[in-house]
Amino acid sequence: MKDILTAPFLTELCEMTANMYRLGWDERNGGNISQLLDPMEVAEYLDLDASLRRIPLQFDASSLAGRIFIVTGTGKYFKNVKKNPEENLGILRIAENGREAELLWGFSGGGAPTSEFPTHLMSHAARLKADPEHRVVMHCHPVNTIALTFVCPADEREITRTLWGMCTECIVVFPDGVGLVPWMVSGTNDIGEATARKITDRRLVLWAQHGIFGVGHNLDEAFGLIETVEKAAEIYMKIAPLEIKNRIPEEQLGALAEQFHVIPRKGYL
């Protein structure tokens, strides 16, 4: 059996968490990532019949029974993942009863998955219905994106149009727009359900005054979506107090979408 520490799905996640910490998106133990894994690939590194322990889930995840995820741990710092992945990450399989996760590897020292794991699982379930190739849920706290939620109207269309207007690439990268969940207590089923409803038909959801969720087929795609939003939000926060003399004409945003064969969210232009 191969060394788990050499598994691409593990080394890529270690590199991603280190980069996100470097960018300042995941201060202290802020932020979390989960990735759906291929059982055949995991079986090259782990005995899938050997469960270390069972971890209770706070909701019924039966729709994901048998699915295997790698996920960051609760209370763990992204800056420490690369140097000690076995303590800061875990590989879990959702049990048949949907109320427990079987720990296959990691969370040494008695650790557990992120407190946002219910939101991750609900989002995975929602996205898999929309896109069978979905794999990643990523949550972080980019500064300008959070700042945007303080000064923009709490309206998804308005926020999306604001972001589209900041960078030429925005409408091409996320033509489906961004969702918005008003501030709620995190780590609860309620915020998980609210996020899952929004993420069914778009790949980005802002948590007002908190952060952002991005989903994708792989780590790079989810990261790239968030990265694009954060750059657009940074531009907006820099120019918002100034007199705006030039804008991207709305009809040109439509032409841009047509040029790159993407369909903007209905009613947003």
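I start with R28, which is found in the loop between α1 and β1. Helices here are DSSP runs of H or I with at least four residues, strands are runs of E with at least two, and both are numbered from the N terminus. This is a predicted model, in which local features need pLDDT of at least 70 and side-chain atom pairs count only at pLDDT 80 or more, while totals for chains, interfaces and linings use all residues. Residues are numbered from 1 along each chain as its sequence is written, and side-chain values use heavy atoms, with hydrogens and water left out.

Back to R28. Its phi is positive, about 45°, although R28 is not a glycine. R28 is exposed, with a relative accessible area of 53%; the classes are buried under 20%, exposed over 50% and partly exposed in between, with a 1.4 Å probe and protein chains only. Q209 is another residue other than glycine with a positive phi, near 55°. Q209 is placed in the loop between β8 (204–207) and β9, and at 31% relative accessibility it counts as partly exposed.

Now the overall picture. The protein has eleven helices and nine strands. Its C-alpha atoms fill a box of roughly 65 × 35 × 35 Å along the principal axes. For 269 residues, a compact globule would have a radius of gyration near 18 Å, and the 19 Å of the protein agrees with that. That radius is taken over C-alpha atoms, and the globule rule is 2.2 Å times the number of residues to the power 0.38. Of the 269 residues, 53% count as buried.

V215 sits in strand β9 (residues 211–216) and is buried, at a relative accessible area of 1%. A240 is in the loop between α10 and α11 and is partly exposed at 41%. From A240 to E193 the C-alpha distance is 33 Å, for a separation of 47 residues in sequence.

Next, aromatic contacts. How many aromatic pairs does a search of the whole structure find? It finds five. A pair means rings of Phe, Tyr and Trp (its six-membered ring) with centres within 6.5 Å; planes under 30 degrees apart count as stacked, over 60 as edge-to-face, and the rest as tilted. One of the pairs is W25 with F223: the centres are 5.1 Å apart and the planes at 25°, so this pair is stacked. It links distant parts of the chain, since W25 is in the loop between α1 (8–22) and β1 (32–37) and F223 is in helix α10 (residues 219–239), 198 residues apart. Both W25 and F223 are buried.

W164 and Y268 form a tilted pair, at 6.2 Å centre to centre and 55° between the planes. W164 lies in helix α7 (residues 156–164) and Y268 in the segment after α11 (250–259), so the pair ties together parts 104 residues apart in sequence. W164 is buried at 0% relative accessibility, and Y268 is buried at 9%. The charged end of R265 sits over the ring of Y268, 5.9 Å from its centre. The criterion is NZ of Lys or CZ of Arg within 6 Å of the ring centre and within 35 degrees of the ring normal.

Last, the pockets. On a 1 Å grid over the protein atoms alone, a cavity is a set of points where a 1.4 Å probe fits but cannot get out, whereas a pocket is an open set with protein on both sides within 12 Å along at least five of seven lines; lining residues have an atom within 4 Å of a point. Points are joined across faces, edges and corners, and a volume is the space filled by probe spheres set on them.

The largest pocket holds about 420 Å³ of space. It is lined by 16 residues, and those closest to its centre are R161, T162, G165, M166 and R247. The elements giving two or more residues to this lining are α7, α10 and α11.

The second largest pocket holds about 160 Å³. Of its 13 lining residues, P56, P113, T114, F117 and P118 are the closest to its centre. Here the elements giving two or more residues are β2 (53–56) and α5 (117–130), and α5 gives the most, with three.
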